[in-house]
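This briefing covers a predicted model.

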Amino acid sequence: MRIYQEKDYNAVSRRAASIIAAQVVSKPDCVLGLATGSTPVGAYQQLVKWYEQGDLSFAQVRSVNLDEYCGLAPDHDQSYRYFMQTNLFDHVDIAAGNTNVPSGLAADPAEECRRYEAAVAALGYADLQLLGLGRNGHIGFNEPCDEFPLATHLVDLTPSTIEANARFFASAGDVPKQALTMGIGTIMKARKILVVANGADKADAVAKAFAGPVTPSMPASILQLHPDVTLVGDGSALAKLMEVKG
Ligand code: F6R
């Protein structure tokens, strides 16, 4: 595993964007696995800048997103489809038909999960999967549980995730209670994984994920078994991991 400790959020974002850009430059028709949440926003802004400067093109890139809230329409301002459009897709030359986000409005969410898993498999899974880290160690919306879920599936969000995401909604009561998410198996099939973490509130999760036991009660800990993981974080997010690793 490679670890980049950066001095602040801007540097984390720039480092993450460089790794994503390197993937696109070395394989222009790559499959990028993308994440939402606050951590990757700066990296997406950097990628947009490089696109605008003419240094990067997404014309042949295919993308697969990790997850989507159940019940939110693509144009709902808290849906993950909307997040991707407004933070990245609308500002670069990626073809609309090459972007994949699970549908939050599917009448049969279980069927949508099967369709999405098959679509990701048909693309050959991600060449590079970007991941943020939940404070409880979730990746995608794979919450702590008793076994690692394999494929794309429907999840009940935990109270801690609902509370963490309430900042984006009028109140915690407005946060959807379920989501569709790639499974741990889907994520682990990516050729490369890039984890971004920023701020002291991620320090415990980072240390447990990368230096604790591999257990589904800390879903990100499975990444210890992946052969190609890069972790990019600021000093506060990496502090406890560095204490353990020395
Ligand atoms: C986003 C996702 C989540 C977030 C995680 C961290 O698509 O699946 O796992 O990556 O909740 O979110 P932030 O970056 O907002 O702390």
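**Sheet and ligand site**

Leucine 128 stands opposite lysine 192 in β9. Strand β6, residues 128-131, pairs with strand β9, residues 192-197, in the parallel sense, and the pairing runs over 4 bridges.

- β6 and β9 belong to an open sheet of 7 strands with parallel pairing, in the order β1-β10-β9-β6-β2-β3-β5.
- The edges are formed by β1 (2-6) and β5 (99-100); each has a single partner strand, so one side of each is left without a neighbour in the sheet.

**Residues around the ligand**

**Polar contacts and burial**

- The side chain of aspartate 67 has an N or O atom 2.4 Å from an oxygen atom of the ligand.
- For histidine 138, a polar side-chain atom lies 2.7 Å from an oxygen atom of the ligand.
- In threonine 36, an N or O atom of the side chain is 2.9 Å from a ligand oxygen atom.
- The ligand taken alone exposes 410 Å², and the protein buries 93% of that area.

Technical notes:
Residues numbered from 1 in each chain as written. Predicted model: local features only at pLDDT ≥ 70, side-chain atom pairs only at ≥ 80, totals over all residues. Heavy atoms only, no water. Polar contact = N/O pair within 3.5 Å; in protein donor to acceptor, adjacent residues only side chain to side chain. Areas by Shrake-Rupley, 256 points an atom, 1.4 Å probe, with all protein chains shown as cover. Pairing = 2+ DSSP bridges. Helix = DSSP H or I, 4+ residues; strand = E, 2+ residues; numbered from the N terminus.
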